[in-house]
Number of protein chains: 2
Amino acid sequence: MKADILIRGCTVLTMVHGEVISKGMIVVKDGLITYVGEEQRTPPVDADEVIEAQGKVAMPGLVNCHTHVPMSIMRGVAEDQELEIWLTRSIWPLEAKLTAKDIYDGALLSCLEMIKNGVTCFSDMYFHEDVVAMAVEKSGLRAVLAPGIIEGGDPERGEHMLEEAVKVVKKYHGYANGRIRTQIGPHAAYTCSPNLLRRIRDVALSLGVGIHIHLAESRETVRLVRRMYGKGEVSFLKSLGLLGPDVLAAHGVHLTRREILTLARYGVKISYNPVSNMKLASGIPRVKEMLEFGVTVGMGTDGPASNNSLDMLETVKAASLLQKIRYMDPTVIPVKKALEMATIGGARALGVGHMIGTLEPAKRADIILIDFRKPHLTPVHNVYANIVYSARGSDVDTVIVDGRILMRDRVVETLDEGEVRRKAQKTAKRLLSDRL
Amino acid sequence: MKADILIRGCTVLTMVHGEVISKGMIVVKDGLITYVGEEQRTPPVDADEVIEAQGKVAMPGLVNCHTHVPMSIMRGVAEDQELEIWLTRSIWPLEAKLTAKDIYDGALLSCLEMIKNGVTCFSDMYFHEDVVAMAVEKSGLRAVLAPGIIEGGDPERGEHMLEEAVKVVKKYHGYANGRIRTQIGPHAAYTCSPNLLRRIRDVALSLGVGIHIHLAESRETVRLVRRMYGKGEVSFLKSLGLLGPDVLAAHGVHLTRREILTLARYGVKISYNPVSNMKLASGIPRVKEMLEFGVTVGMGTDGPASNNSLDMLETVKAASLLQKIRYMDPTVIPVKKALEMATIGGARALGVGHMIGTLEPAKRADIILIDFRKPHLTPVHNVYANIVYSARGSDVDTVIVDGRILMRDRVVETLDEGEVRRKAQKTAKRLLSDRL
C-alpha cells in the first residue's frame, strides 16, 4: 500500500519518554502517522511524497494553548502601558469597531505566522470565532476555538453572547475533518456573573465541549474577584461547578499553593504564557509547583498584541528561563520538560492528547521539521537544548498538519503570504485612521 | 565624488532622539556615513553599490557588550545545572583542553552567528584573544577584545596571564583599520588578588585601554567577596582604584542602590545580560535604577554556552520584559529606550560611542537592514515595537561594518558558512569524545 508522505534521514524526537531516533523515518497515510522508527530497520516504503530530511529534526508540531488571533492587526498599537490603560484606552475602543472582515484578516495573518513558526494547533478565545474558523480551515491548521463571552454587567448581552457561542460550537465542533474543535470561552470570573457562569457550565456539558477561561492573571483581577465575591477566584469558580478536567485556565499567575492543589484535584488544565506575563508585568506563575502537584500545563503566546509574537519556540525558552528566575534555580523546567509542555502537554491541556502531541502510530500527522544547518544550531551536543534554547520559529522548515503539507522549505502552500500581509496591513491602517 | 554605498527607499532609525525617517537614504564613503536623511530632499548620489531597501528598516548595528565567543563549541554541553556544577564539572574541564585552533573555530562560528543576527560589534572576554582577533579580522566584524585573567590563587599564573594580555593589547589595539580595540579582562574580584587587580589598573592606564570585569553576577560570588575581603564588591574594587569611566562591568545583578550610585559617580559602565541571568538563575539586576542614576548600560548575550544564542534582538526583548517583571511595571524600559541600549548605549559602554551606535554623518558605517516583509512584522503601527518585541535575528537581511558589506540577503560574504559550521561541529565532537 502506497503511503502519502515519507520523511527520512532526520533525527526524530517522538516526545515519548524523551526518545531520540538518530536516523529516523516517519510514514504518513490518510492523515495518520503509520510508522515512526529507525530508517535502517524498516522495509522500503513507497510514498507519493518523499521528504529527504538530512540535517533536520522532526518533532510533533507546537501547540499554542492560549491566544487571541484576530489581535494581530493591533500588534504594536499600544506599548509599554499599564494593563488597565492598555485595555480601556487602546484595545477595547479598537475592538468595538472590529468587523467580521477585520477579524478574518487578523486571524489569517496569525495563522500564517503560526505556520511559519511551526505551530500546528492553537487554542483561541475571541469574538466571531465563526470567522476565525474560516481562517483556520483555509490555512490548514488545527485549532480549538472558544467563542468569548463578556457579560460586563449586562445580562442580556451575556445571554446573547452565549447563544452565539452555542451556534459556533454546534456548527464547528469537529469541522474540517476534525481539525477544528470548540470550547466555550467565558472571559473571566470578574466579567461574567455567577448566573451566567453556571449557565455556561451546563451548556458546555450538554454540548460535550470544554471551557476556556482567564484565571488569576494579575494582582488587580484577583483583588477584584475577592472584592466582588468575598472569596478567592478558585473558590468562587469551584462554588459554581466550574472546575473540572475539561476546563482550560489561562495564566494562573497569582495562585496560592492551596489553590494549585485544588486545580490539581479537579484536573483543571493551565496555559502558561510567560512572554505576555512579563510584557504586561502580570507576575510569574508557580509552574514548578503546578507540575509537582500534577497539574497538566501547556504553554501559550497569548494574543499578538501582548507578546508581540506567535513564536512558540521563543515561548518555550522564555517559559523555562522565567521559572528558573522565579525559583532562583537553574535546574527548574529542564529542556525535555519544556519541550514536552509545548507539545504533548499542550495537547493534553486542550483535551486532544489522544490525537496529537507526540509522534506515534495512530496519532494524527502534525509534524514539523527544524533545519539544524544553521550557525546558532551548531554544534549539536544536545538536540533538546538546541531546540529549546537556541532555535527560533524561523528555523522551522516544513509543517505538516493532519497529513497535509502546509509549509515546505519555508514556503507556505495554503496561503498567499504577500496577499495576507497586504490585506492585514490595509485593515490595520484603516482601523487606526478611523480612530482619529 | 562617487560614494561607495547608497541605501535608499527604507525607513531609517538613526537612534538619535528617537528619529524615524520614512523614506530614508544613507550614503557611505571610505567606511564613514556621509549622509543620512530623506531621499526626496537629497540631490542624486552616484555610488558603486546601490541597495534598494524598500520594505526594510535601516538602523545602527547591534552592539553585544559581553560575551565569550569561543564557547560556542560548548553550546548545549551542560544544561539546567547549578552554576558551580556547570563551571567545575562541565565548562572548566573542557576549557582546560582547548587549543588555539579550537578557540579559533569557536570564535569564527560565533562571528558568523552574530553577523547573521545583525550584531556589528561585540565585546569579548576569554583566553587567547589573539586568536579571536584573527577570527574578527576575517569575519569583518568590529570588536573590543579583553584577554581574560584568572589568577585563582597562583600569583605566577596571574602575572603570566597579564603579560600575555599586554602582548595582545599592544598588538591588536587599533588593529584591522581600527575595527579591533582591546581592554584588559580581570575575570572577577574573587578570582584575582588585590595585588594583581592593582597591577592591572596601572597597566591598563599606561596602555590607554579599559577594563572588562564580571561584577556581582550571583548571590554566591557576592557572598564570596564579602567573606574574602570583609566588604562589598563595589567597595572592594573602589579601594583598588578599579572604578572609573573606562571600566565595563558585566552583570551587576546583586547591587544595592548605594552601590549603583557609586558606579554612577565613577562612570562605570554596565553590560546587562538578561537571558544568561535568567538561564543561570543569577537574578534580575536593577537596570531601571541604574538608568535613573545615570549609569551607562549596554546589553550583552553572555557566552553562547549560557544563553545559548547570540541573537541580540532576542536579548533586547528579554531585557525590556525582565525589567517589567522585576518592577511589576509594564512601562519600564519602553521600546525606544531598549533599542537605544542595544545600539548607542552599548557603544558608549564600550567607549566607542563617538565612532558607532547611531546613524550620523562622520560615524563609522555600521548599518543593518531588517526586512519587515514578514507576517510577524505586519502590521507596522510602531517600528520600534516591531523591532524590539516582534523581530528576531533572522529578520536581519543586510549587515555593513566599517563600510563593508558582510551580509547581503542573508548570505554572509566574508565567511564560508558551511565550512565554518562543519569545522566547529568537528572540533566540538572531538572535544567531547576526548572527555570520555
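These legends go with several close-up views of a predicted model. Local features are given at pLDDT of at least 70 and side-chain atom pairs at pLDDT 80 or more, totals for chains, interfaces and linings use all residues, and side-chain values rest on heavy atoms, without hydrogens and water. Residues are numbered from 1 along each chain as its sequence is written, with chains lettered from A and ligands numbered from 1 in the order in which they are written.

View 1. Glu164(A) and Lys167(A) join their side chains in a salt bridge, 3.2 Å from N to O. A salt bridge here is a side-chain nitrogen of Lys or Arg within 4 Å of a carboxyl oxygen of Asp or Glu. Both residues belong to helix α4 (residues 155-172), 3 residues apart, about one turn of the helix. Helices (H or I, at least four residues) and strands (E, at least two) are DSSP runs, numbered from the N terminus. Glu164(A) is partly exposed at 34% relative accessibility, and Lys167(A) is exposed at 52%. Buried means under 20% relative accessible area, exposed over 50%, and partly exposed in between (1.4 Å probe, protein chains only). Over all chains, the whole structure holds 54 salt bridges.

**View 2. Lys363(A) and its partner Glu360(A).** The closest N and O atoms of this salt bridge lie 4.0 Å apart. Lys363(A) is buried, with a relative accessible area of 8%, whereas Glu360(A) is partly exposed at 30%.

**View 3. A buried pair in chain B.** Lys374(B) and Asp395(B) form a salt bridge whose closest N and O atoms are 2.9 Å apart. The pair links distant parts of the chain, 21 residues apart: Lys374(B) sits in the loop between β14 (367-371) and α13 (383-390), and Asp395(B) in the loop between α13 and β15 (396-401). Lys374(B) and Asp395(B) are both buried.

View 4. Chain A is divided into domain 1 (3-60 + 357-411) and domain 2 (62-349), with bounds from an automatic or database domain assignment. Their C-alpha centres lie 28 Å apart. In contact (heavy atoms within 4.5 Å) are 31 residues of domain 1 and 28 residues of domain 2. The two domains bury about 2400 Å² between them, 65% of it on carbon and sulfur atoms; buried area is the accessible area (1.4 Å probe) that two parts lose on being put together, summed over both. Met15(A), Val388(A) and Tyr389(A) supply 26% of the area that domain 1 buries against domain 2, more than any other three residues.

**View 5. Charged links in chain A.** Two charged residues to look for are Asp366(A) and Arg142(A), which form a salt bridge with closest N and O atoms 2.7 Å apart. Arg142(A), Arg364(A), Asp366(A) and Asp402(A) are linked in a network of salt bridges. Across the interface of domain 1 and domain 2 there are 2 salt bridges.

**View 6. Thr315(A) and its surroundings.** Thr315(A) is part of helix α11 (residues 312-327) of chain A. Thr315(A) is buried, at a relative accessible area of 0%. Leaving aside residues up to four places away in sequence, Thr315(A) touches Pro274(A), Val275(A), Met299(A), Gly300(A), Thr301(A) and Asn307(A).
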